[in-house]
Each structure stands twice: as structure tokens, then as C-alpha cells.
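Visitor: I have a structure open here and have not looked at it before. Can you walk me through it?

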Amino acid sequence: MPLNQFCKDIIAPVSGVPLSAEKLEQFSALYDRVLEVNSVMNITSLTDMCDVALKHFADSLTLAPVISDIGGKSIIDIGCGGGFPGLPLKIALPDYSVTMLDSTEKKVRSVEQTAGLLGLSEMHFVAGRAEELAKKDSPMRERYDFAVSRAVARLNVLCELCLPFVRKGGYFLAMKGAGADEELKEARSAVFALGGKVERVIKQSPDCDEILSSVSAASEQELERLHDFCGAGRSIIAVRKVSTTGGKYPRAFAAITKKPL
């Protein structure tokens with residue numbers, strides 16, 4: 001199945017995000033760009049069209065309905081890597097300002113170039129360490145409506161890296177897999193210490209059979225990948241910022257990882 005058709009028939013219903021013809025073209029261009037960049041810089045282990053569309057595009061887009069329902073103007077993607085989830089979110093939510101943050105300069109510059117090629121505006125690109133850029137008196141501290149992250153760190157570590165960027169009343173949205181409930185239990189003290197409150201855990205369980213009922217051209221491999229994706233047990237942990245973060249946070253990265261809150 002061509003990528004545009006795959007995104008229209010499968011990615012849109014899986015993520016809950018309608019995709020116009022213009023957005024479908026942007027995702028097609030983004031896939032081409034992922035392959036181009038990955039040939040010279042390792043940004044993903046996934047290069048198969050179906051895998052990229054599901055595990056990068058659809059997975060990133062599951063945040064869009066949550067953000068739209070809450071409302072706001074600004075998003076920061078912390079640890080953006082090759083551009084996920086920030087680039088798909090910007091395509092889906094063009095009216096939001098999106099800041100892409102990563103500690104690796106060459107990744108940030110690559111994402112910036114990709115955004116330019118896709119014609120995406122109102123985006124900002126910052127290379128640096130999150131724990132340094134969110135310190136007390138930093139212009140980036142407590143500035144954003146949403147902080148999002150697909151980083152592999154445990155939630156109790158991610159909270160200290162992400163919540164200091166969120167304004168009071170805003171949200172940290174953590175994308176997690178099947179172990180979300182366990183991570184949430186160990187992170188509750190960190191959430192509280194950093195001024196947050198767990199508002200809800202959104203279980204991602206798209207109805208694979210319903211999606212497939214309107215699809216006729218998918219290959220066996222594409223159907224298998226879709227079933228695997230729908231059954232993977234993804235969750236979004238929505239943490240609302242209810243009070244300002246204390247000035248001593250975030251700590252140095254070594255302290256955050258050695259002794260999480």
C-alpha cells in the first residue's frame with residue numbers, strides 16, 4: 001500500500017487524527033527525509049515504511065487529540081532525537097508553536113532542516129541539556145503549555161527533566177509502554193516534589209478490527225504490523241502542573257539518575 005494511502009486508511013484512525021491531502025504529502029516527505037538522514041546519521045532503527053508510519057508517525061500523533069482537548073499554544077519536545085513526536089505533532093497541530101530540544105547539536109540541526117523542507121513554521125530548535133536549560137531564571141523555565149517526551153528514561157527521571165519547563169496549569173505528557181503503571185507508582189513522589197499531579201492515564205487501545213473493516217488493500221505484513229501496534233499496550237500519562245517547581249530542581253543529571261526523587 002502506498003504511504004499516503006496507508007496514512008489515510010490506517011494511521012489517521014489509529015491515532016484519531018484526520019489527515020488532509022496536504023498533511024498526507026507532508027508525512028510522505030517526512031518519510032523520505034527519515035531515510036535520507038538515516039543513511040548518514042543513525043536516528044532510527046526503523047526504515048520499513050510500515051514500521052515508520054506506525055511506530056513514529058501514528059505513535060507521535062496519539063498525543064494530538066489529548067493536546068487538542070486540553071487546549072494551549074506551545075509544545076516543547078524534550079529529547080526530540082530524529083524529530084519525534086514533535087514533527088508529526090506540528091503537522092497535525094499547525095497552530096501550535098513547537099520547540100525541539102535535544103542535547104545533540106547535529107540532531108537538532110537536522111530536525112531544523114527537515115522542518116524547513118516540510119514548510120513548517122513557528123518552530124524553534126534548541127541544542128542543550130534539559131537540566132541546564134530549565135534551571136531557575138532560565139527563559140525556558142515554566143514557559144510551555146505542554147512538555148512531551150518519548151525518551152527511554154524512567155518516568156521518575158523524566159519528570160525532573162520535563163516538569164520544570166511546564167507553566168502552572170500546563171501538562172507534561174509522558175509516552176509509555178506496557179510498564180506505565182509500574183513506572184507511575186515509583187514516580188509519584190517525583191511528580192509531587194516537582195509541582196505536578198497525575199490527572200489521568202490514557203490507555204492507547206485502538207480497535208484494530210474496526211480499522212481493518214474499511215481497508216481492502218493492505219498486505220499481510222501490513223496487517224500483522226498493525227495488529228502488533230494495536231496490542232502493544234501504549235499509554236499517555238498526563239501530569240498537570242499545579243504549582244511552581246522549586247528552585248533547586250532540576251538537579252545535575254548525575255544526581256537525577258543516581259537518586260531519582
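Visitor: Let me start with a loop. Where does Pro250 sit?
Guide: Pro250 is in the loop between β7 and α12 (253-258). Helices (H or I, at least four residues) and strands (E, at least two) are DSSP runs, numbered from the N terminus. The model is predicted, so local features need pLDDT of at least 70 and side-chain atom pairs count only at pLDDT 80 or more, while totals for chains, interfaces and linings use all residues. Residues are numbered from 1 along each chain as its sequence is written, and side-chain values use heavy atoms, with hydrogens and water left out.

Visitor: What kind of peptide bond joins Tyr249 and Pro250?
Guide: That bond is cis, with omega about 0 degrees. The bond from Phe84 to Pro85 is also cis, and its omega is near 10 degrees. Pro85 belongs to the loop between β1 and α5 (86-92).

Visitor: And what is phi of Asp137?
Guide: Phi is near 75 degrees there, a positive value in a residue other than glycine. Asp137 is found in the loop between α7 (130-133) and β4 (144-149).

Visitor: On to the sheet. What is the order of its strands?
Guide: The order is β3-β2-β1-β4-β5-β7-β6, in an open sheet of seven strands with mixed pairing. β3 (123-127) and β6 (196-204) stand at the edges with a single partner strand each, so one side of each has no neighbour in the sheet. Neighbouring strands are turned by 20 degrees against each other on average, direction ignored. Two strands pair if DSSP finds at least two bridges between them.

Visitor: How many bridges join β1 to β2?
Guide: Five bridges join strand β1 (residues 74-78) to strand β2 (residues 97-102), and the two run parallel. As one example, Ser74 has Ser97 in β2 as its bridge partner.

Visitor: Which strands does α9 lie across?
Guide: Helix α9 (residues 180-193) lies across β5 (166-176), β6 and β7 (234-241). Contact here means heavy atoms within 4.5 Å. The helix runs at about 165 degrees to β6. Axes are lines fitted to C-alpha atoms, for helices over the stretch in contact, and angles run from 0 to 180 degrees between N-to-C directions.

Visitor: New topic: how many cavities of 30 Å³ or more are there?
Guide: The count comes to two. On a 1 Å grid over the protein atoms alone, a cavity is a set of points where a 1.4 Å probe fits but cannot get out, and lining residues have an atom within 4 Å of a point. Grid points are joined across faces, edges and corners, and a volume is the space filled by probe spheres set on the points.

Visitor: What lines the largest cavity?
Guide: Its lining includes Val14, Thr62, Gln204, Phe229 and Arg234. The space in the largest cavity is about 50 Å³.

Visitor: And which helix gives the most to the lining of the second largest cavity?
Guide: α2 does, with four residues. Both α2 (21-38) and α6 (105-118) supply at least two residues of that lining. Leu30, Arg33 and Ser110 are among the lining residues, and the volume is about 40 Å³.

Visitor: Last one: how many aromatic pairs are there?
Guide: Four, where rings of Phe, Tyr and Trp (its six-membered ring) pair if their centres lie within 6.5 Å. Planes under 30 degrees apart count as stacked, over 60 as edge-to-face and the rest as tilted. Phe27 and Phe57 have ring centres 5.0 Å apart and planes at 45 degrees, so that pair is tilted. Phe27 is in helix α2 and Phe57 in helix α3 (residues 49-61), 30 residues apart, and the pair links distant parts of the chain.

Note on methods: On a 1 Å grid over the protein atoms alone, a cavity is a set of points where a 1.4 Å probe fits but cannot get out, and a pocket is an open set with protein on both sides within 12 Å along at least five of seven lines; lining residues have an atom within 4 Å of a point.
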